[in-house]
Amino acid sequence: MRERHASHGARRAREFEAFVAGAAGRLLHAATLLTAEPPDANPRARHLLALSLAHTYAAWDRLHGEDPYDRTRQYLATRFAREAWHRHGGLGRSRGRPAGPLGGLSPQERLILVLRLYEGVAEEQAAALLGLPLERVRTLCDRAVATLLRPPAAPVRPVAPEHEDGDAVRGPAAGTRAGSRGRVRGS
């Protein structure tokens, strides 16, 4: 009996190691996008991935043909949503701007964008996973894409207005004098 249990445990460990070897890189990248951390400094993403993999390993024998990648991704998404809710008081709010490529998005927008575009999860599945209406998922995804495609605002430099003769108006007497000729306006 012990031998059979030991061989089952060894087989389970080999299967899980093979799964991690094949899926951990993509899952870590997804977690890094979710947390909006830089790829080379992502402790929150690594912690999120470790928790997700531990959850999957604990349920390994109960998967019964279910894709372990899907299970891990689901746990990763729901764990991120729960942490964002506790950290920010809701998925829509964000404190500070993370430095990663998706740092300009709210946690909820990042979650929807990663699930829909990076992971290729259907709108219906994402809505069911997060408990959101389908239209809300569409709206959040569209808003996130529009935010990412919008170029960053360039700093505005003040430009001195010009008069009809082409001279720039300068100084506190700008409304009364024009250019270098010394003419008074309106005369």
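Thr139 sits in helix 6, where helices (H or I, at least four residues) and strands (E, at least two) are DSSP runs numbered from the N terminus. This residue is partly exposed, with a relative accessible area of 38%; buried means under 20% relative accessible area, exposed over 50%, and partly exposed in between, using a 1.4 Å probe and protein chains only. The C-alpha atom of Thr139 lies 9.9 Å from that of Ile112, a residue 27 positions away along the chain.

The model is a predicted one, in which local features need pLDDT of at least 70 and side-chain atom pairs count only at pLDDT 80 or more, while totals for chains, interfaces and linings use all residues. Residues are numbered from 1 along each chain as its sequence is written, and side-chain values use heavy atoms, with hydrogens and water left out.

The protein chain contains six helices and two strands, and from the N terminus on its elements follow the order α-α-α-α-α-α-β-β. Of the 187 residues in the protein chain, 35% are buried. Among contacts with a separation of 6 or more, 51% join residues 24 or more positions apart, a contact being a pair with heavy atoms within 4.5 Å.

Thr32 belongs to helix 1 (residues 2-35) and, with 7% relative accessibility, counts as buried. Beyond its neighbours within four places in sequence, Thr32 touches Glu37, Pro38, Pro39, Asn42 and Ala45. Between Thr32 and Arg44 the C-alpha to C-alpha distance is 7.9 Å, at a sequence separation of 12 residues. Ala36 is located in the loop between helix 1 and helix 2, and its relative accessibility of 2% makes it buried. Most residues other than glycine have a negative phi, and most peptide bonds are trans. Ala36, however, has a positive phi, near 60°.

In the loop between helix 2 and helix 3 (68-88) lies His64. His64 is exposed, at a relative accessible area of 70%, and has a positive phi of about 45° although it is not a glycine.

Helix 4 has 12 residues and reaches 15 Å from its first C-alpha to its last, close to the 16 Å expected at 1.5 Å a residue. Helix 4 is mostly covered, with nine of its 12 residues buried: Pro107, Gln108, Glu109, Arg110, Leu111, Ile112, Leu113, Val114 and Leu115. Just after helix 4, Gly120 adopts a positive phi of about 75°.

Two packed helices are described by the angle between their axes and the distance between the axes. Here, axes are lines fitted to C-alpha atoms, for helices over the stretch in contact, and angles run from 0 to 180 degrees between N-to-C directions. The axes of helix 4 (residues 107-118) and helix 6 (residues 134-149) come within 9 Å and cross at roughly 95°. Helix 4 is therefore roughly perpendicular to helix 6; angles under 35 degrees count as roughly parallel, over 145 as roughly antiparallel, 65 to 115 as roughly perpendicular and the rest as oblique. On the helix 4 side, the contact is made by Gln108, Glu109, Ile112, Leu113, Arg116 and Leu117, and on the helix 6 side by Arg136, Val137, Leu140, Cys141, Arg143, Ala144, Val145 and Leu148. By class, this contact has nine nonpolar, one polar and four charged residues, where Ala, Val, Leu, Ile, Met, Phe, Trp, Tyr, Cys and Pro count as nonpolar, Asp, Glu, Lys and Arg as charged, and the others, Gly among them, as polar.

Helix 5 (residues 123-130) also packs with helix 6, at an angle of about 110° and with the axes 9 Å apart. That angle makes helix 5 roughly perpendicular to helix 6. Glu123, Glu124, Ala126 and Ala127 of helix 5 meet Leu134, Val137 and Arg138 of helix 6, giving a contact with four nonpolar, no polar and three charged residues.

Methods. Expected span 1.5 Å × (residues − 1).
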